[in-house]
Amino acid sequence: MSYVLVAHGTRKPQGVELIGDLAGRVSEVLRHPVHVAFVDVVGPTPAEVLDAHTDEPAVLVPAFLARGYHVSTDIPQHVHDSGHPAVTVTAALGPDPQLVRVVVDRLVESGWQRDDSVILAAAGTSDPAALRDLHTTAAWVSATIGSRVELAFAATGEPRVADAVTALRRRGRRVVVASYLLSEGLFQDRLRDSGADVVTEPLGRHPGITRLIAHRFLRARTPSLTRQG
């Protein structure tokens, strides 16, 4: 069985390094190699990795925090283009209760207080399914911490994080931005520049992310020997 962790890709070295580190940590948990692929910006692509491992079934885990174009379209197209005869693509990482626990852990370690105003800050999306996933996660975080969590975006979508911070500032309370990003990079920089009192660290190096990805691989259905997509 080949295991492949598929991420978006970035020109930021720390983002590429994070995915490699995640794959290494998951490999240690599973005691099985985990390969890395990217759908954009850098390589190798999922198709290239699959093409190099056509002699055994493969499982692809999308390292995305919500559904969207890359999960619903790009990855299936790469699977199809690879010609690999037996591939299972799991669900995206979110929404998932484990992700909510990671977000809340990041809030607690940042010094969040129960009377703070909280914003869940995602990269953003124009995909309706992905947007529903993000609203679901925000609702779950709200239920977990016992107060309303606003959803805002670093790139695509409204409100932008800085605007949401400004709006919540009028309530006279501290504003905490909970990062819903995997790694450091441009979007995390935007969160830190948003004017919030506290910005949590990205999620990717939290042990809960490693456990979630390992669980995705372990629970994946063994594919049949017919090409999917």
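**Close-up views of a predicted model**

**View 1. The largest pocket and its lining.** The largest pocket has a volume of about 1,100 Å³, where a pocket is, on a 1 Å grid over the protein atoms alone, an open set of points where a 1.4 Å probe fits, with protein on both sides within 12 Å along at least five of seven lines, and lining residues have an atom within 4 Å of a point. Of the 38 residues that line this pocket, the closest to its centre are His8, Phe64, Ala123, Leu181 and Phe187. This is a predicted model, in which local features need pLDDT of at least 70 and side-chain atom pairs count only at pLDDT 80 or more, while totals for chains, interfaces and linings use all residues. Residues are numbered from 1 along each chain as its sequence is written, and side-chain values use heavy atoms, with hydrogens and water left out.

**View 2. Helix 4 against helix 8.** The axes of helix 4 (residues 97-110) and helix 8 (residues 207-219) come within 9 Å and cross at roughly 170 degrees; the two helices are therefore roughly antiparallel, a term for angles over 145 degrees, on a scale from 0 to 180 degrees between N-to-C directions. Gln98, Leu99 and Val102 in helix 4 meet Gly208, Ile209, Arg211 and Leu212 in helix 8, contact being heavy atoms within 4.5 Å.

View 3. Four strands, in the order 2-1-3-4, form an open sheet with parallel pairing, and two strands pair if DSSP finds at least two bridges between them. Strand 2 (34-38) and strand 4 (87-89) are the edge strands, each pairing on one side only. Three bridges join strand 3 (residues 58-62) to strand 4, and Val59 stands opposite Thr88 in strand 4.

Notes:
Points joined across faces, edges and corners; volume = space filled by probe spheres on them. Parallel < 35°, antiparallel > 145°, perpendicular 65-115°, else oblique.
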